[in-house]
Amino acid sequence: MSVLSFVIFKLPYEFFTRTVLHAATTSQLTQVMQKDFYNPAAGNEDFPSGYIERMFENFNIFVSVQVYKVLGFRSDNMKVSAAEEANWLLSIIFAAALVFIFVSLFKKNKFLVFCLLYAAGVWLASFASLQTIWAEQWRLILPYVPYILICLLGAIWYRAKDAKMSAFKPIVVVGVVIFLLIQLPLTFNKISENGRGLKHYLKGDMSYNIPEQYADFVSICDSMKSKVPATAVIATGKPGEAFVYSGGCKFTRIGMPRADESADSVLADLKKQGVTYLFADGFSRQVGSAIQIIYKRYPDKLVPILEAGSQDRPLALMEIKY
């Protein structure tokens with residue numbers, strides 16, 4: 001059933017992207033194998049040591065930061081990276097909780113044991129395959145938090161039932177109720193925050209409440225369709241977002257040029273990929289590096305089409321004159 005449901009969605013998606021958008025979807029296996037997602041030239045990850053190291057690093061960051069945030073035990077801090085907030089003590093406590101859950105449920109409830117193994121299995125596979133740069137994104141582990149939480153509550157409940165102290169079960173129930181009451185304000189705040197934006201997005205206002213650093217990005221994307229031909233292929237580090245905000249222009253991701261790479265080599269690679277425009281989007285380094293290398297040797301080959309941003313965060317769309 002799982003394979004069938006995947007095929008039902010996957011095949012139409014592939015057909016749509018290839019026939020309507022005229023683009024092939026990116027190979028996820030290729031992305032997983034790379035050491036640096038944004039720099040394919042860095043080569044593939046070492047097997048198996050590189051993937052094992054990834055798994056431990058991601059486990060520590062995702063669990064000790066993102067899981068605790070989802071559960072409301074840690075607050076969001078946009079000024080500090082998840083890697084800096086990671087705490088092995090919290091990760092070890094969580095790992096001990098998983099062992100406690102498994103031991104408590106093993107002979108009690110096979111369905112909850114399956115839920116636990118399923119969620120933990122998906123997490124570990126994700127931690128081994130994802131580059132650590134994605135550890136900032138708690139959405140990657142969010143769908144499986146309820147599985148773990150339900151199993152934890154189930155394990156505590158079975159322990160309470162087996163306990164000889166009659167007061168233990170009411171204490172557990174009260175503890176669960178208090179936990180849920182703590183979560184309600186956090187949940188309602190998120191619903192309210194996202195609900196306001198949803199009304200605008202459904203009306204087609206895709207620029208509502210965008211972060212300040214995205215304003216110029218959206219502004220340039222919004223102007224692209226009237227400035228570039230329909231056949232244009234634009235290199236950027238954020239092809240998905242640019243596609244949405246440009247209204248359907250064709251974007252592609254390029255690799256990071258080597259520090260000693262020549263302008264001729266960079267231009268040859270871009271021409272081979274069919275790239276006709278470079279979009280320095282203010283987020284990714286690869287396009288900006290390519291522009292710098294080309295501009296030093298052939299400044300006349302780059303023609304500015306759109307510019308925005310500030311001196312600290314310049315954004316530009318440039319046409320390549322091969």
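Helix 3 passes helix 6 in a right-handed crossing. A crossing is right-handed if the near helix is turned clockwise from the far one by less than a right angle, and left-handed if anticlockwise. Helices here are DSSP runs of H or I with at least four residues, and strands are runs of E with at least two, numbered from the N terminus.

The model is predicted: local features need pLDDT of at least 70, side-chain atom pairs count only at pLDDT 80 or more, and totals for chains, interfaces and linings use all residues. Residues are numbered from 1 along each chain as its sequence is written, and side-chain values use heavy atoms, with hydrogens and water left out.

Back to the helix pair. Two packed helices are described by the angle between their axes and the distance between the axes. Helix 3 spans residues 49–70 and helix 6 spans residues 110–129. Their axes lie 7 Å apart, at an angle of about 120°. Axes are lines fitted to C-alpha atoms, for helices over the stretch in contact, and angles run from 0 to 180 degrees between N-to-C directions. The two helices are therefore oblique to each other. Oblique is what remains once angles under 35 degrees (roughly parallel), over 145 (roughly antiparallel) and 65 to 115 (roughly perpendicular) are set aside.

The contact residues divide into 10 nonpolar, 2 polar and 1 charged. Ala, Val, Leu, Ile, Met, Phe, Trp, Tyr, Cys and Pro count as nonpolar, Asp, Glu, Lys and Arg as charged, and the others, Gly among them, as polar.

Two strands pair if DSSP finds at least two bridges between them.

Look at strand 5, residues 314–320. Strand 3 (residues 277–280) pairs with strand 5 in the antiparallel sense over 4 bridges. There, Leu 278 has Met 318 as its bridge partner. Strand 4 (residues 302–309) also runs antiparallel to strand 5, joined by 7 bridges. Leu 306 stands opposite Leu 317, and Glu 307 opposite Ala 316. Strands 4 and 5 form a hairpin with 4 residues between them.

Note on methods: Buried < 20%, exposed > 50% of the residue type's maximum accessible area, 1.4 Å probe, protein only.
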